[in-house]
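Keep the view open as you read.

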Amino acid sequence: MKEVAVLVGSGSIGQAIIRRVGAGKHVVLGDLKISAANDAAKILENAGFEVSTVEVDISSRDSILNLIEHAKSFGEIKNLVNAAGVSPSQAPIKKILQVDLYGTAVLLEEFGKIISGGGSGVIISSQSGHRLGALTEEQDFQLATTPTEELLNLKFLQEISDTLKAYQFSKRCNVLRVMFEATRWGKRGATINSISPGIIITPLANDELHGPRKDGYLKMIEASPAKRAGTPDEVGDLAEFLMSSRGKFISGADFLIDGGTTASYWFGDLQYLKKTH
Ligand SMILES: NC(=O)c1ccc[n+]([C@@H]2O[C@H](COP(=O)([O-])OP(=O)(O)OC[C@H]3O[C@@H](n4cnc5c(N)ncnc54)[C@H](O)[C@@H]3O)[C@@H](O)[C@H]2O)c1
């Protein structure tokens, strides 16, 4: 039996992370589109990784449990990377909340029951969650701790009327949920953190860069402190640190990696975006 590293969402960000933490382990690649997982598997196998693939829909608990059964058959689960998600241009409000908010919460809950001692996980959130103004202490508490099956019934989530807000609430919830779960994962000797990337060039970001909010995105990149978008490998490097032995004192934390865009959104040249975002 081997140590197992599980990646959900086999896109570019997920692949960059799993390449850095999967060597010598059995790597499970999950995705809603099995073709995406199989394509990623081909690349990884040709780079020396041992890989299997499984179709998974993180908005379904049964599907997540099936993924866990598959992963457990290869050994003890040491790592979870969640890089599955849908963006505001890709899906309607309900779908975004089901996948990005509820799905991530269930994933954290179910993997938190079986993650092995010394294990670690990373959830990919987004800078978008940092653009929502402060919520009340009660709303924070509810997003962090409400039982997963009741999460989508929260009144303030029912009142969301556009896809960007649905995405922002989902990503804020990811960060809060990671804090809550860190207290449970810690009891098993495991750490869990979130990473909130800015614009990273991937197929998902390319959809946004060619979607209805294209001009805004391009302007935002130009006016940001870094003056460029990020790459999946830069997110991979951060995740590798968090999931390594050097990251053992870090848990329940969120890391913005956005070239300074969020700082500029609140206090710099990008403040104009507050009117539209
Ligand atoms: N690319 C960016 O600029 C950026 C910025 C901030 C956050 N993110 C976040 O990073 C994560 C990964 O995005 P990416 O840019 O690599 O995109 P991507 O499109 O390359 O990968 C996302 C993958 O998730 C899969 N997926 C979608 N719904 C799923 C579901 N219900 N169950 C299982 N898999 C599902 C897709 O099939 C796809 O393979 C997402 O959560 C996204 O919100 C991306």
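Two strands count as paired if DSSP finds at least two bridges between them. Helices (H or I, at least four residues) and strands (E, at least two) are DSSP runs, numbered from the N terminus. Residues are numbered from 1 along each chain as its sequence is written. Please bear in mind that this is a predicted model: local features need pLDDT of at least 70, side-chain atom pairs count only at pLDDT 80 or more, and totals for chains, interfaces and linings use all residues.

Start with the sheet, which is open and has seven strands in the order β3-β2-β1-β4-β5-β6-β7, with parallel pairing. At its edges you will find β3 (50–55) and β7 (254–257), each of which pairs on one side only. From one strand to the next, the twist averages 25°.

Now settle on β4. Seven bridges link strand β1 (residues 2–8) to strand β4 (residues 75–82) in the parallel sense. Along this pairing, valine 4 has isoleucine 77 of β4 as its bridge partner, and glutamate 3 has glutamate 76 of β4. β4 also runs parallel to β5, with four bridges joining the two; here leucine 80 has glycine 121 of β5 as its bridge partner. Six of the eight residues of β4 are buried, so this strand is largely enclosed by the rest of the structure. Buried here means that 20 or more other C-beta atoms, placed from the backbone, lie within 10 Å of the residue's own.

Next, look at the helix α4. It lies across β1, β4, β5 (120–124) and β6 (191–197), running at about 160° to β4. Axes are lines fitted to C-alpha atoms, for helices over the stretch in contact, and angles run from 0 to 180 degrees between N-to-C directions. How do α4 and helix α8 (residues 163–187) cross? Their axes come within 9 Å and cross at roughly 5°. α4 and α8 are therefore roughly parallel to each other, a term for angles under 35 degrees.

Finally, turn to the ligand. It is surrounded by 31 residues, the closest being Gly11, Ala84, Gly85, Thr202 and Leu204; a residue is near a molecule if its C-beta atom, placed from the backbone, lies within 6 Å of it.

Definitions and conventions. Two residues are in contact if their C-beta atoms, placed from the backbone, lie within 7 Å. Angles under 35 degrees count as roughly parallel, over 145 as roughly antiparallel, 65 to 115 as roughly perpendicular and the rest as oblique. A residue is buried if 20 or more other C-beta atoms lie within 10 Å of its own, exposed if 12 or fewer, and partly exposed in between; C-beta atoms are placed from the backbone.
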